[in-house]
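Please walk through the fold below, from the contact between its parts to the details of single residues.

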Amino acid sequence: MSSALRSVVQQSRRSAFVRSARFASTSTKQATLKERLAELIPAEIQNVKETRAEHGKKSFGPVLVDQLYGGMRGLPALIWDGSVLDPEEGIRFRGKTIPECQQLLPKAPEQVTSLSKDWAARAAIPDFVEDILDRCPPTLHPMSQFSLAVTALNHDSAFAKAYQQGVSKKEYWQPTFEDCMDLIAKLPNIAGRIYRNVYGRGKLPAIDANKDYAYNLATLLGFGEKSEFVELMRLYLTIHSDHEGGNVSAHAGKLVGSALSDPFLAFGASLNGLAGPLHGLANQEVLIWLRKMQSKIGQNASDEAVKEYVWATLKGGQVVPGYGHAVLRKTDPRYSAQREFALKHLPEDPLFKLVGQIYKIVPGVLLEAGKAKNPWPNVDAHSGVLLTHYGLEEMQFYTVLFGVSRAFGVAAQLIWDRALGAPLERPKSYSTAAIQKIFKDKQ
Ligand SMILES: CC(C)(COP(=O)(O)OP(=O)(O)OC[C@H]1O[C@@H](n2cnc3c(N)ncnc32)[C@H](O)[C@@H]1OP(=O)(O)O)[C@@H](O)C(=O)NCCC(=O)NCCS
């Protein structure tokens, strides 16, 4: 057998081994999430070890000087198996597209029930964190409040405590898992409290341990009675959860976590990145932009008037929010999933119609302008319209919901990084003088 063929066979055996470990539980009793992880970790550690032994010294594409100056765009630099983003096809979660996940996800009621109960039991936030939120001025952006509260949860971090007590590296993932479960469980209470404080929506109801996460989140915000909104939250939480490892929020969490900062500190960093207008804040920006457009050119404006408004945005030196992407080169499947939801539940909504009208106009304008590499809509072009339809009209709050969802991806990554012993991240930087010197003699 040639060495190349042997390598392919070894690789496919290894993948089959990891896949079978991933999908087959050995126990007859329904395993908890933590028990399943404990079952999976040895095979994944072995997989990484063998992959590094076989390919570790191979070159993985050239690095261009432009990539050093250009925000490391496209530089192969990270490992994250939870989700992979294809420029043409969009996101896959553990190898599954969004429609495939939609088919598969609701079919594990037993697991969902026990997980929901576990999260409900962990959902309360400490009094001092409630106090921090209650003392925030309503003028402080909800994302800043969110980040403050999440960072403060580090007060009770199981990982920080275990580290102080000298926990072995091999056990890091266990207290990290506990912190991540606490983090996810507490987010509805934090988000609900911020929403009600800032917008004067009364007291928070209690979490219902017999209902799922999306229902509880919707209820804490005050929308639990609207079953379509709860359904929307199930879709929203899933499609915003993860988008590969290199986007700002996922990468910020991974980077900070690599210093062994606990999951609350690491996710606080993710939230601060998500709060930027080129990232998660774009879903707030889209709605603000649409409203401004409506007040300038009126409702039911002609295609010509919309086109003119888009050009005016570009000529004013601003970006068209909700369009473009650092990796994607086609319409974002997360946009399409939301469009499908809207076609089913709110086809006549005027703002949804405007979003559809813009979809027909913006890509052409961006192509004609000639700068954006991707003229197509991303996830943020649609989400705000759906939330507005059900009465959640406070745009400044939208990114908080994105943050609640993104916690699932960042938490999974933090757990796996600790389980697989991911090292401290420390890329090398170069000065412009060094670049000039390196290439001086090579011309
Ligand atoms: C997402 C985004 C930040 C990606 O940035 P990027 O990887 O640098 O994108 P590109 O390589 O295509 O950018 C090339 C140029 O096109 C511009 N461009 C990209 N998307 C644009 C948009 N939607 N509107 C106007 N200009 C855009 C960039 O600002 C850049 O201009 P510059 O050369 O003057 O700096 C960018 O598309 C953007 O700002 N979109 C709007 C904000 C948004 O929706 N963010 C959410 C992303 S999920």
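In this predicted model, 14 residues of domain 1 are in contact with 15 residues of domain 2. Two elements each give two or more residues to the side of domain 1 that touches domain 2: helix 11 (227-239) and helix 19 (398-419). Helix 11 gives the most to that side, with 5 residues. By residue type, the side of domain 1 that touches domain 2 holds 9 nonpolar, 4 polar and 1 charged. As for the bounds, domain 1 consists of 103-279 + 395-419, and domain 2 of 282-389. Their C-alpha centres are 28 Å apart.

The largest nonpolar core has 95 residues, and the members that touch the most other members are I184 and A411. Helix 19 gives the most to this core, with 14 residues. What does A411 touch, leaving aside residues up to four places away in sequence? The residues are C180, L183, I184 and P263.

Helix 10 (residues 213-221) can be taken next. All of its residues, 9 of the 9, are buried, so helix 10 is largely enclosed by the rest of the structure. The buried residues run through Y213, A214, Y215, N216, L217, A218, T219, L220 and L221. The cover over them includes helix 5 (109-122), helix 9 (173-199), helix 11 and helix 19. Just after helix 10 comes G222, with a positive phi of about 105 degrees.

Helix 14 (282-297) has 16 residues, and the distance from its first C-alpha to its last is 22 Å, close to the 22 Å expected at 1.5 Å a residue. Its buried residues are A282, N283, Q284, E285, V286, L287, W289 and L290. Helix 17 (350-369), helix 18 (380-389) and helix 19 are included in what covers them. Just after helix 14, G298 takes a positive phi of about 85 degrees.

Most residues other than glycine have a negative phi. Which values do R94 and N300 take? R94, which is not a glycine, has a positive phi of about 45 degrees. N300 likewise is a residue other than glycine with a positive phi, near 50 degrees. R94 lies in the loop between strand 2 (90-93) and helix 4 (98-104), and N300 is found in the loop between helix 14 and helix 15 (303-315).

Are these two residues buried or exposed? R94 counts as exposed because it has 12 C-beta neighbours inside 10 Å. N300 counts as exposed because it has 11 C-beta neighbours inside 10 Å.

Technical notes. Residues are numbered from 1 along each chain as its sequence is written. This is a predicted model: local features need pLDDT of at least 70, side-chain atom pairs count only at pLDDT 80 or more; totals for chains, interfaces and linings use all residues. Domain bounds come from an automatic or database domain assignment. Two residues are in contact if their C-beta atoms, placed from the backbone, lie within 7 Å. Helices (H or I, at least four residues) and strands (E, at least two) are DSSP runs, numbered from the N terminus. Ala, Val, Leu, Ile, Met, Phe, Trp, Tyr, Cys and Pro count as nonpolar, Asp, Glu, Lys and Arg as charged, and the others, Gly among them, as polar. A nonpolar core is a set of buried Ala, Val, Leu, Ile, Met, Phe, Trp, Tyr and Cys residues joined through C-beta atoms within 7 Å. A residue is buried if 20 or more other C-beta atoms lie within 10 Å of its own, exposed if 12 or fewer, and partly exposed in between; C-beta atoms are placed from the backbone. The expected span of a helix is 1.5 Å times one less than its number of residues.
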